[in-house]
Amino acid sequence: MLKLTYLSHSTFILDDGSHRLIIDPFITGNPTCPVKADEVQADFIVLTHAHGDHLGDGLELAKKHDALVIAVNELAGYAASNGARAHNMHIGGAYTFPFGRLKFTIAHHGSASPDGQYMGEPAGVVITMGGKTLYHTGDTGLFLDMQLIGQRDAIDCMMAPIGDNFTMGVDDAVLAVDFVKPGLAIPMHYNTFPVIEADPQAFARGVEGKGFRARVMEFGETIEL
Ligand code: NI
Ligand code: MN
């Protein structure tokens, strides 16, 4: 059993009943997030990269809840130097945590902290938890090696950015789903700011046209996978 909550942008909470993991906790300053940071609890904080709309409240939440930050080496080191507990990993590496297995994958993007420091490579992440395997692409453009990610692990649920400008837009995200062939595709990273306005229903129609399932989650909605 795995409960998946979408808080908007790239922020998801995974809860298997025993562990609670939040990916890219952009809550404070996110105009589309329906909750406040003090309403969010987590045991694990997964960061795909250090941009402000992904690192977000990560360090504060980590310290407040004694949650473990999981990120690539440079970003995990930054979290640790700011007083958080952190687990350093890197792209291509997997590790088995109390909640399950987590592996970082490539993403074509940038990664600097809000104060301008180099934070290593941006990443996507494949997480197996509660009997389900999820692929959160992080911020990325389309790349053909996504096929390899879908071949390596049967992906039950894929979260793909559709907002364009900084990441894939709708059409590239539909192709990305066709590369990965997940059981379910969920759009993310759209309508947070005017520059990333996109139509999630157009994504859903495109995905269904390729023969895959799509689900447009409301901001704040929880589903069971
Ligand atoms: Ni970014
Ligand atoms: Mn972003």
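**Chat: cysteines, metals and a sheet**

User: Hi! How far is the sulfur of Cys 157 from the closest cysteine sulfur?
Analyst: That distance is 18 Å, to the sulfur of Cys 33, which is too far for a bond. This is a predicted model in which local features need pLDDT of at least 70 and side-chain atom pairs count only at pLDDT 80 or more, while totals for chains, interfaces and linings use all residues. Residues are numbered from 1 along each chain as its sequence is written, chains are lettered from A and ligands numbered from 1 in the order in which they are written, and side-chain values use heavy atoms, leaving out hydrogens and water.

User: Switching to metals: which residues coordinate the manganese ion (ligand 2)?
Analyst: Asp 53 (OD), His 54 (NE2), Asp 139 (OD) and His 189 (NE2) do, at 2.2 Å. Donors are N, O and S atoms within 2.8 Å of the metal (3.2 Å for Na, K and Ca), and sites may look incomplete, since water is not among the atoms.

User: Where do Asp 53 and Asp 139 sit in the chain?
Analyst: Asp 53 belongs to helix α1 (residues 52-55), and Asp 139 lies 86 residues away in the loop between β10 (132-136) and α4 (146-152). Helices (H or I, at least four residues) and strands (E, at least two) are DSSP runs numbered from the N terminus.

User: Are those two buried or exposed?
Analyst: Asp 53 counts as buried at 18% relative accessibility, and Asp 139 is buried at 2%.

User: What about the nickel ion (ligand 1): how far apart are it and the manganese ion (ligand 2)?
Analyst: They are 3.2 Å apart, and Asp 139 coordinates both.

User: Nice. What order do the strands of the open sheet have?
Analyst: The seven strands run β6-β5-β4-β3-β2-β1-β13, with mixed pairing. At the edges, β6 (85-89) and β13 (222-224) each pair on one side only. Two strands pair if DSSP finds at least two bridges between them.

User: In which sense do β3 and β4 pair?
Analyst: Strand β3 (residues 20-23) and strand β4 (residues 44-46) pair in the parallel sense, over three bridges. Leu 21 has Phe 44 in β4 as its bridge partner.

Note on methods
A disulfide is a pair of cysteine sulfur atoms within 2.5 Å. Buried means under 20% relative accessible area, exposed over 50%, partly exposed in between (1.4 Å probe, protein chains only).
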